[in-house]
Amino acid sequence: MPTTAVSVTPVQFPGRLVMLGFGSIGRGVLPLLLKHITLSPERIEILTAEPAGRAIAEEYGVKFQVEPLTEANYRALLSARLRRGDFLLNLSVDVSSLALVELCAELGALYLDTCIEPWPGGYTDKSVPASLRTNYALWWKSRELQKKLGASAPTAVLTHGANPGMVSHFVKQALLNIAGDLGQDATAPKDRAGWARLAQRLGIKTIHIAERDTQVSATPKKPGEFVNTWSIDGFISEGSQPAELGWGTHERHFPHDGGRHDFGPRTGIFLNRPGAATKVRTWTPIEGPFQAFLITHGEAISIPNYYSVEEQGRLVYRPSCHYAYHPCDAAVLSVHELNGKNFQQPTSKRLMSAEITEGIDELGVLLAGHARGAYWFGSQLSIHEARKLAPHNSATSLQVTSPTMAGVCWAIENPSRGIVDPDEMDFARVLEIVMPYLGPVIGAYSDWTPLTGRESLFPEDLDREDPWQFKNVRVL
């Protein structure tokens, strides 16, 4: 299928790039990097734990080496490949993000990942308290490392794919859109405090990262098989962690199975149950209302932290935030089977890509509680358009690979910013780069709330005074 031309001005980069991992995201981002950055193939090397994808690397003339990184060998392997001004793009699993960031700071190399990861067992060791097996715990460690390395250390962008990552920029654009539609000042604030005050002024109570993937294949899921449109290992890892969400100041019903953290700013809470066994209610424009999995994600921590407002040392405003994910239907069946087998690893795995025949990935942010109810802003990318825009991508992967590439561009343009969350980046610059790859990007208002249609149908214990309480959002 011929690709649709996207006009670009490549970002100048004289260094080398080492890519860790070459799954669906690595394979999809490689042609985008070569298009948007002045990277010749001989200055790229792929290190991966699996041989899959070698043919794609060879297609682009990129060096490909099967060499799993471990806690014992990562320093030697990377120190031999990275020097000052180079770039480490981490798309792996089971490799400590913070260990890599610290090494890159020593070497003077730039860094970006799409998901913060610990060493193996960091999320699953049941001898470790649940609070310490959360994304919040890793995020707080990154904040401590940020202070240690300093604000002018080599730029290390943490968690910059679709979500976490691009959705943080969607939130900012959505806030400006709502402000303008309400007749308020829609000028972009200049700092974190200004953005937080804007969200407070608009009355944003909760932010859902609301995603519905409808991509399908002609090959049905088999018993014992886990099928998905992106990293299966990554999804199982996230889904096995405790469910997490940012806990807003408007909330007044603490979950019966909830837990609080006793360190850091306590931006979020966790539930004593896996995310893949926890459901919430949400809404997107095409799908309408639906139920989704509350999968732990970094943006559920970084977004409410960024939009917190304190007065005289007292927290006065913070929105709730969580990921609400309805994966493709084959993945839903896979999750049900995973739950039924108490999270034992599936006997086989299948990544849907070339076999996808139809569907879209509707991914955006739902900002609710303001004067117009709820507002969704995001991408409605179809598999057919994704294939026209970039090779080796599905709709799901292109929504990850394009902001990954954009984050690399931003880091090259801002090489001395230290550790940054997506919320701390220039949202307009990132959106400028990714917009051509997202298909229809729309904003839509809705009068839907988590109480819609439940007023008399079910005799539930609901908070009818405030529909945006998490108690109403959660499916029990």
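What volume does the second largest pocket have? About 240 Å³, where a pocket is an open set of points on a 1 Å grid over the protein atoms alone, fitting a 1.4 Å probe and having protein on both sides within 12 Å along at least five of seven lines. The volume is the space filled by probe spheres set on the points, which are joined across faces, edges and corners. This is a predicted model, with local features needing pLDDT of at least 70, side-chain atom pairs pLDDT 80 or more, and totals for chains, interfaces and linings using all residues. Residues are numbered from 1 along each chain as its sequence is written, and side-chain values use heavy atoms, without hydrogens and water.

Of the 14 residues lining that pocket, His-256, Asp-461, Lys-471, Arg-474 and Leu-476 are the closest to its centre (lining means having an atom within 4 Å of a point). Helix H14 (470-473) and strand S24 (474-475) each give at least two lining residues; helices are DSSP runs of H or I, at least four residues, and strands runs of E, at least two, numbered from the N terminus.

Now for the backbone. Asn-163 and Pro-164 are joined by a cis peptide bond, omega about 0°, and Pro-164 sits in the loop between strand S6 (156-157) and helix H6 (166-181). Thr-159 is also in the loop between S6 and H6, and has a positive phi of about 55°. Most residues other than glycine have a negative phi, and most peptide bonds are trans.
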